[in-house]
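Work through the exercises below with the sequence and the coordinates at hand. Each task is followed by a solution in steps.

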Amino acid sequence: MVSGPCDAASNCVTSPHFPHRYGNNDRCELRPVAGVPLEVRAFSTEQGYDFLIVNGVSFSGSNPPRARSCPNSYGCYGSTVNLNGVMLHGMTPQGAIWWHSDSSATLTGWKICQASVAPRMPPWPPTPPLPPSPPPSPP
């Protein structure tokens, strides 16, 4: 589920207008499927100013994006800590994902997906029920 100008199709979500430039001051909230890791198909945002925030970690820049700690979902400006080695690809979201762009430069944005989770089908043909147990024999 997506709120804001981001686009969802099948099991993927993109920044607005992807693969063309996203807009200034874009804001989106994404609700991914719980427990399903993310797959990064493309990522190009203004380093340090336009952020995709997952599990409190902000990602910006080029693929692979740089990770920084993010104090809140409204933006990651101010004092943050670089998180070298934290990767967006393969991360399992624990809640909403947020997208924020600022009011200056824009790039092509991002495309993230989650692996399709196929519903489990019962075996076919169905296993027949076991026959009832015979009553206990009298002593």
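**Exercise 1. Is histidine 100 buried or exposed, and which side chain does the side chain of histidine 100 contact?**

Step 1. At 4% relative accessibility, histidine 100 is buried, where buried means under 20% relative accessible area, exposed over 50% and partly exposed in between (1.4 Å probe, protein chains only).

Step 2. Histidine 100 belongs to strand β9; strands (E, at least two residues) and helices (H or I, at least four) are DSSP runs numbered from the N terminus.

Step 3. The side chain of histidine 100 makes a polar contact of 3.1 Å with the side chain of arginine 27. A polar contact is a pair of N or O atoms within 3.5 Å; within protein, one must be able to donate a hydrogen and the other to accept it, and residues adjacent in sequence count only if both atoms are side-chain atoms.

Note on the values. This is a predicted model, in which local features need pLDDT of at least 70 and side-chain atom pairs count only at pLDDT 80 or more, while totals for chains, interfaces and linings use all residues. Residues are numbered from 1 along each chain as its sequence is written, and side-chain values use heavy atoms, with hydrogens and water left out.

**Exercise 2. State how many helices and strands the chain has, and describe its burial and its contacts.**

Step 1. The chain has zero helices and ten strands.

Step 2. Of its 139 residues, 37% count as buried.

Step 3. Take contacts (heavy atoms within 4.5 Å). Among those between residues at least 6 apart in sequence, 65% join residues at least 24 apart.

**Exercise 3. Classify the aromatic pairs and locate their residues.**

Step 1. A pair of aromatic rings is described by the distance of the centres and the angle of the planes. Rings of Phe, Tyr and Trp (its six-membered ring) pair if their centres lie within 6.5 Å; planes under 30 degrees apart count as stacked, over 60 as edge-to-face and the rest as tilted.

Step 2. Two aromatic pairs are found in the structure. For tyrosine 22 and tryptophan 99, the centres are 4.9 Å apart and the planes stand at 80°, so this pair is edge-to-face. Tyrosine 22 sits in the loop between β3 (12-14) and β4 (27-30), and tryptophan 99 in strand β9 (residues 97-100), 77 residues apart.

Step 3. Tyrosine 22 has a relative accessible area of 2% and is therefore buried; tryptophan 99, at 0% relative accessibility, is buried too.

Step 4. Tryptophan 99 also pairs edge-to-face with tryptophan 110, at 5.7 Å centre to centre and 70° between the planes. Tryptophan 110 lies in strand β10 (residues 109-114), eleven residues from tryptophan 99.

**Exercise 4. Which residues touch the most other members of the largest nonpolar core, and which elements contribute?**

Step 1. A nonpolar core is a set of buried Ala, Val, Leu, Ile, Met, Phe, Trp, Tyr and Cys residues joined through side-chain atoms within 4.5 Å.

Step 2. The largest nonpolar core has 19 residues, of which Leu30, Leu52, Phe59, Leu88, Trp110 and Ile112 touch the most other members.

Step 3. Two or more residues each come from β4, β5 (38-44), β6 (51-54), β7 (57-60), β9 and β10. The most are given by β5, with three residues.

Step 4. Not counting residues up to four places away in sequence, leucine 52 touches residues including Phe43, Phe59, Leu88, Trp99 and Trp110.

**Exercise 5. Find the disulfides and give their handedness.**

Step 1. With the criterion of cysteine sulfur atoms within 2.5 Å, a search of the whole structure finds two disulfides.

Step 2. Cysteine 6 and cysteine 28 have their sulfur atoms 2.2 Å apart, and with 105° about the S-S bond their link is right-handed. Cysteine 6 is in the loop between β1 (2-3) and β2 (7-9), and cysteine 28 in strand β4, 22 residues apart.

Step 3. Cysteine 12 is joined to cysteine 113, S to S 1.9 Å. The torsion about this S-S bond is about 100°, so the disulfide is right-handed. The pair links strand β3, which holds cysteine 12, with strand β10, which holds cysteine 113, 101 residues apart.
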